[in-house]
Amino acid sequence: QVQLVESGGGLVQAGGSLRLSCAASGRTFGRYNMGWFRQAPGKEREFVGLITWSGGSTYYTDSVNGRFTISRDNAKNTGYLQMNSLKPEDTAVYYCALQAPATMKYEYWGQGTQVTVSS
């Protein structure tokens, strides 16, 4: 069993930056791709981006491409979401999740961290 804990959320002004962390328990973090999702009030959860298990590839949804960067440190069992040039529409609860490469299924989810961007 893997537990994920996000941190780093908070209140920031538009144009500012935040870095979210996703700390994983256990020894299997490096076997999984890591995705980031977000859910704004009254909206469905949406995919933000993903980094492959090795860190060799990253993918982003169009709305954050060029502003957000996903990275990971497998030695520390931790992933990161660097968010720059934040906009009010980025306000949401952000979740990290681990995806099994073989099945593409997200097997573990964090509890989420709130990001609020003021205009």
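1. A polar contact here is a pair of N or O atoms within 3.5 Å, where, within protein, one atom must be able to donate a hydrogen and the other to accept it. Since the coordinates belong to a predicted model, the contacts below should be read as features of that model.

2. The side chain of Asn33 reaches the backbone nitrogen of Trp53 at 2.8 Å, and Asn33 itself lies in strand S4. Asn33 counts as buried because its relative accessible area is 6%, against a cut-off of under 20%.

3. The surroundings of Asn33, leaving aside residues up to four places away in sequence, consist of Leu50, Ile51, Thr52, Trp53, Arg72, Ala97, Leu98, Gln99 and Pro101, each of which Asn33 touches.

4. Four strands make up an open sheet with antiparallel pairing, in the order S1-S3-S8-S7. Strand S1 (4-7) and S7 are the edge strands, each pairing on one side only, and the twist averages 15 degrees from one strand to the next.

5. Within this sheet, S7 and S8 pair in the antiparallel sense over 6 bridges, and Arg72, one of the residues that Asn33 touches, stands opposite Gly79 in S8.

6. The largest nonpolar core has 29 residues, and Trp36, Met83 and Tyr94 are those with the most contacts inside it. Two or more residues come from each of strand S3 (18-24), strand S4 (33-39), strand S5 (46-51), strand S7 (68-73), strand S8 (78-83), strand S9 (92-99) and strand S11 (113-118). In soluble globular proteins, nonpolar side chains tend to be buried together.

Terms used. Residues numbered from 1 in each chain as written. Predicted model: local features only at pLDDT ≥ 70, side-chain atom pairs only at ≥ 80, totals over all residues. Heavy atoms only, no water. Core = buried A, V, L, I, M, F, W, Y, C linked by side-chain atoms within 4.5 Å. Buried < 20%, exposed > 50% of the residue type's maximum accessible area, 1.4 Å probe, protein only. Pairing = 2+ DSSP bridges. Axes fitted to C-alpha atoms, helices over the stretch in contact; angles between N-to-C directions. Contact = heavy atoms within 4.5 Å.
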